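Subject: Handover of a structure

Dear colleague,

Please find below the structure that I am passing on to you. I would ask you to look at it first and then to read the notes that follow.

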Amino acid sequence: MQGSSGWIDEKSESRLYVGNLDLRITEASLIKMFSPYGKILSEDFLWHTRGPKRGEPRGFAFIQYSTKEEAKLAKEKMHGRLACGRPLVVRLASEKCLEEAAKDSSEATRKVNKAGVASGTSAVTSRSTKIAAIKNKLKALEEDTSSVKKQKQGESISCNNSLDQSSGTRR
C-alpha cells in the first residue's frame, strides 16, 4: 500500500498548469483541447473574484489527469501550441510551484538585503537562489523555443477549436 505522501506526489505529477490563455478560451474548449491526451479528472479554470475584472478569466487553469503519463504527454503535445494566436504555457503544476517558490524566496531575500538586515549567510543564499532562478528561466526559454520549432508551421488552435491550416481552410 502506498503511503499518503506517495499519493500526493503521484497526484501532483498528473496535474498540469496551463497558462497564457486567451480570454476567449472557455472551460469547455480547454477540456476539448486537452481531452485527446487522457482522462481528465478535474479542471480548475481561474476567474477574477474582485475588482474591475471580476468574473473575467485570469488567463490560466489547472488540469488533473488520471495518470502522470497522460499529463506528460499533454505537456509535450500542447506546450507552445498556438491557441487563439497565443502560445500555450503547459507545465506540471509542481514545476510551476517550484518556480514561484524560488521567485518568492529571491524577492524576500532581496527585500531583506535592501533593509540592511541580511547576514552573510542570507546573502549567499540570495545569490544561489538567484542563480537557480536564472538557470530555471533559461531552461524554460530553451524548452519554449524548441517546442515552437517542433510545432508544424501554420498549425494552430483557433478560438472555435478547429485547426487552421496554412491553406486557409478549416476542419
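Ring pairs join Tyr17, Phe60 and Phe62 into a cluster. Rings of Phe, Tyr and Trp (its six-membered ring) are paired if their centres lie within 6.5 Å; planes under 30 degrees apart are called stacked, over 60 edge-to-face, and the rest tilted.

Before going further, please note that this is a predicted model, in which local features need pLDDT of at least 70 and side-chain atom pairs count only at pLDDT 80 or more, while totals for chains, interfaces and linings use all residues. Residues are numbered from 1 along each chain as its sequence is written, and side-chain values use heavy atoms, with hydrogens and water left out.

**Aromatic pairs**

The structure holds 4 aromatic pairs. In one of them, the ring centres of tyrosine 17 and phenylalanine 60 are 5.9 Å apart and the planes meet at 35°, so the pair is tilted. This pair connects distant parts of the chain, since tyrosine 17 is in strand S1 (residues 15-19) and phenylalanine 60 is in strand S3 (residues 57-65), 43 residues apart. Tyrosine 17 has a relative accessibility of 11% and counts as buried. Here, buried means under 20% relative accessible area, exposed means over 50%, and partly exposed lies in between (1.4 Å probe, protein chains only).

**The chain as a whole**

The protein chain has 5 helices and 8 strands. These are DSSP runs numbered from the N terminus: helices are H or I runs of at least four residues, and strands are E runs of at least two. Along the sequence, their order is α-β-α-β-β-α-β-β-β-α-α-β-β. Of the 171 residues, 32% count as buried. The accessible surface comes to about 11,100 Å², of which 54% belongs to carbon and sulfur atoms; such areas come from the Shrake-Rupley method with a 1.4 Å probe, and for residues only the protein chains shown count as cover.

The buried residues of helix H3 (residues 68-78) are Glu70, Ala71, Ala74, Lys75 and Met78. Seen down the axis of H3, they fall within an arc of 135°, so they line one face of the helix. The arc is that of the directions from the helix axis to the C-beta atoms. On the face of H3 turned away from the buried side are the exposed residues Glu69 and Glu76.

In H2, the buried residues are Ser29, Leu30, Met33 and Phe34. They cover an arc of only 125° around the axis, which puts them on the same side of H2. The face of H2 turned away from its buried side carries the exposed residues Ala28 and Lys32.

**Salt bridges**

How many salt bridges does the count come to? The count is 3, where a salt bridge is a side-chain nitrogen of Lys or Arg within 4 Å of a carboxyl oxygen of Asp or Glu.

- Glutamate 13 pairs with lysine 68, their closest N and O atoms being 3.4 Å apart. This pair links distant parts of the chain, with glutamate 13 in helix H1 (residues 4-13) and lysine 68 in helix H3, 55 residues apart.
- Arginine 15 pairs with aspartate 44, their closest N and O atoms being 3.1 Å apart. This pair also links distant parts of the chain, with arginine 15 in strand S1 and aspartate 44 in strand S2, 29 residues apart.
- Arginine 24 pairs with aspartate 22 at 2.8 Å, N to O. Arginine 24 is exposed at 54% relative accessible area, whereas aspartate 22 counts as buried at 11%.

**Positive phi values**

Most residues other than glycine have a negative phi. Asparagine 20 has a positive phi, near 60°, and lies in the loop between S1 and helix H2 (27-34). Cysteine 84 has a positive phi near 55°; cysteine 84 lies in the loop between strand S4 (82-83) and strand S5 (86-87). At 11% relative accessibility, cysteine 84 counts as buried.

Yours sincerely
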